[in-house]
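I opened the notebook to look up ring contacts and strand pairing. The entries follow in the order I checked them.

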Amino acid sequence: MSEEERDFEEQLRELLAEDAYTIRPSPVPYPQIRRKGVVERRRRVAVAGAVLVTLAAVPVGAFAVGGRGTGTADTATTPTASASATPTPTPSPTPSGPAGPATPGQLRDGITLEQAAEGLDKCLADDRDRVAHGGIASSDLGKADEYRIILALNSTGDSNSPGDGVFVVAVKEQPKETRLICNIKDGEASGLNTSVGSDRQPDSPPVLADINGNKLYQQSFMDKGNWKLPFGWGFIGTVEPTVAKVTVSYGGADSEAVLDHGWFVASGTLTQQVTRNPHIKGYDKGGKLIYDSDEDKTYQQVP
């Protein structure tokens, strides 16, 4: 082969090689396409998830808006699509605070259980503060939610303790039997009388008046014969299991006391000056008289 023929052959091969590259397409970039596909799928999943969350949240928002009124929300829009995710209901708050009395009538003068509980909490907090600032330490009275409120009524101011207020009586059994008479005036704790440990002795009668119960049914001794009337009074004490009924007579009016977990609770309105303390009688299940304060030598008959 001559030199010219070889040159022609080399030129022909170069031309064919260039044409082949021009005609053959470049390799498909599969890795790049796959990455783009993954990103796109993730974006679509995120958008779909956001839609589900939005649809699931709409009913909760509607309840929150209307919850204080009729339970409906005029401004809420009902979703047109259903979502597979069910919203988790918000748990209701756990009730706290002292237990209430056996009967509604033990909360007198329009006082609510919430108001009585708030007053009790203020008295306990005031007692803790007093001890923290050098006051005489007493037995640990505990927290308000450990107690049961058995009586609440308005208190009448007198010469010894001016200013009207509210009395709250609360008791608890554990770790020790405890009775509190709490006084609140102008929204602040004004006095707290406590009795820790049972007043009962082996020879105590089946009906036993509380040793400090006179705080609830008397005005100051300095005002004797000149009490403010009408006067709302209360009376408390403990009873043995054999007692099925307790009656209290005060100022000429008779009333039947409530028996509340081992306590008797009486209350009324005094419309005249008195010269004697309440007269108490206790009966067993058969109606037999088993206690009469007139025959109890340990009971104080006169103020």
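I count a charge as sitting over a ring if NZ of Lys or CZ of Arg is within 6 Å of the ring centre and within 35 degrees of the ring normal. By that test I found the charged end of Lys245 over the ring of Tyr283, 5.7 Å from its centre.

Notes on the source. I am working on a predicted model, where local features need pLDDT of at least 70, side-chain atom pairs count only at pLDDT 80 or more, and totals for chains, interfaces and linings use all residues. Residues are numbered from 1 along each chain as its sequence is written, and side-chain values use heavy atoms, with hydrogens and water left out.

Next, the aromatic pairs. I paired rings of Phe, Tyr and Trp (its six-membered ring) if their centres lie within 6.5 Å; planes under 30 degrees apart are stacked, over 60 edge-to-face, and the rest tilted. I got 5 aromatic pairs by this rule. I looked at Tyr217 and Tyr250: the centres are 5.8 Å apart and the planes stand at 80 degrees, so the pair is edge-to-face. Tyr217 is in helix H4 (residues 214-217) and Tyr250 in strand S7 (residues 245-250), so this pair ties together parts 33 residues apart in sequence. I took helices (H or I, at least four residues) and strands (E, at least two) as DSSP runs, numbered from the N terminus.

Tyr217 is buried at 5%, and Tyr250 is buried at 2%.

I then checked Phe235 and Phe264. Their ring centres lie 5.6 Å apart with planes at 85 degrees, so this pair is edge-to-face. Phe235 belongs to strand S6 (residues 231-239) and Phe264 to strand S10 (residues 263-270), 29 residues apart. Phe235 is buried at 1% relative accessible area, and Phe264 is buried at 0%. I also noted that Tyr217, Trp233, Phe235, Tyr250 and Phe264 form one aromatic cluster.

Last, the sheet. I let two strands pair if DSSP finds at least two bridges between them. I read an open sheet of 4 strands in the order S8-S7-S11-S12, with antiparallel pairing. Strand S8 (253-256) and strand S12 (289-292) are the edges, each pairing on one side only. Between S7 and strand S11 (residues 279-283), which run antiparallel, I counted 5 bridges. Val246 has Gly282 as its bridge partner in S11.

Note on methods:
Buried means under 20% relative accessible area, exposed over 50%, partly exposed in between (1.4 Å probe, protein chains only).
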